[in-house]
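Please look over the sequence and the structure that follow, and then read the briefing beside them.

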Amino acid sequence: MRRFFTTLVAAALVAFPASAAAHERDVPQPGPLPASTALEGAGFTVLQAEDGAMRTARAASPNARRYATPDGYQIAVEASASYPVNALADQKLVDFLASRVHGPELGDLSVYVGTPAEIVRLCGGDPDVVACYAIDEARMYVPGESVRGIPIEYPLTHEYGHHIALWRSNSPWQALDWGAKYWSSAMHICTGVRRGQLFPGNQGRHYWDDPGEGFADSYAHMHYPNQPWFYNELMHPNAKAFAAIRHDVLDPWTGPRSRTFHGRLSQRHGQRTFHIRLKLDGDLDFHLTAPGGAVYAVQARIPDFAAGQRLRNGGEFGVEWCRHRAVDEVELTVRRRKGSGPFTLKVSWPG
């Protein structure tokens, strides 16, 4: 009888393979990562949009379900058909994401959970890639199990950094490539790019020098500060970086400041000077209204840098400004070159 029962069990296992046993999902937990965590060589990637393989994988998985966070947001979660349906694991994943520093962008996130091998295939085939983010769909593709000693908590947190960047502005640049405004300015990303040391949006040869990845991984390090840093040292996170990221997440930059200055130029009074303070990198824009026929020069200057233009009958121009210090005290000068009369100078700057 015992032999017959064993035979029946073996037959059942052949007829119904225990794929669930082969692929049990890990459940993410808040708190520090295990001491055995090994991040070296872990790659993450950003894609503009899902491709056919991604859509096929999602079509084969059970329908997406939406789960509520403790603060009232809804996140859509889909899991690979290689995993058994597990609403509890889905909810735990959503609760974990809600434990990350976040804003209302959390409610616009979707998540696909795949096996590690499936994630490599869906994210482009590079065996070093652990997870990826599809921009157009605002969906992260993350493993359901630890990968080469990397627990699932880390890729979830890193990819959420990309999701934050998608919903932030860093005009005139893309926050997904440059990082969000306050972090990008605090880390002087603009200067690093101009010097050929950083490469925004470069997911290839200069992957480790990509500020978009640097921002996402700095966000992850804000939650796991004891983990080693592998990206360009210019972006190595510190207390200043973490404070800037919190600012970007909880009170994001919404646009430039502006101020209008008035004056009058003549042969006797040939110039007027004003001052502004720049704490952030970005566009410094000028709009001058002046009398017909007048030629006035507008210049912005700090001790080691100056930019400006001559404008006939008024006009406008802009300067992409990379700060030279924590706060640039900028001197604005309007000089008479020809003609005379009143002028209005409207200036906008990042902050």
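A disulfide is a pair of cysteine sulfur atoms within 2.5 Å, and the structure holds 2 disulfides. The model is a predicted one, in which local features need pLDDT of at least 70 and side-chain atom pairs count only at pLDDT 80 or more, while totals for chains, interfaces and linings use all residues. Residues are numbered from 1 along each chain as its sequence is written, and side-chain values use heavy atoms, with hydrogens and water left out.

**Disulfides**

- With bonded cysteines counted along the chain, the disulfides of the protein chain follow the pattern 1-2, 3-4.
- The sulfur atoms of Cys 123 and Cys 132 are 2.1 Å apart in their disulfide, and the torsion about this S-S bond is about -70°, so the disulfide is left-handed.
- Cys 123 is buried (under 20% relative accessible area, where over 50% is exposed and in between is partly exposed, with a 1.4 Å probe and protein chains only), its own value being 5%, and Cys 132 is buried with a relative accessible area of 0%.
- Cys 190 is joined to Cys 322 by a disulfide with an S to S distance of 1.6 Å.
- This pair links distant parts of the chain, 132 residues apart, with Cys 190 in helix α9 (residues 189-194) and Cys 322 in the loop between β12 (315-321) and β13 (328-338).
- Helices (H or I, at least four residues) and strands (E, at least two) are DSSP runs, numbered from the N terminus.

**The sheet**

- An open sheet is formed by 6 strands in the order β1-β5-β6-β4-β3-β2, and its pairing is mixed, where two strands pair if DSSP finds at least two bridges between them.
- At the edges stand β1 (43-47) and β2 (65-68), each with a single partner strand, so one side of each is left without a neighbour in the sheet.

**Strand β4 and its partners**

- Strand β4 (residues 110-114) pairs in the parallel sense with strand β6 (residues 139-143) over 5 bridges, and Val 111 stands opposite Met 140 in β6, while Tyr 112 stands opposite Tyr 141 in β6.
- Strands β3 and β4 also run parallel, joined by 4 bridges, and Val 77 stands opposite Val 111 in β4.
- In a regular strand the side chains alternate between the two faces of the sheet.
- Ser 110, Tyr 112 and Gly 114 point one way from β4, whereas Val 111 and Val 113 point the other way, and all are buried.
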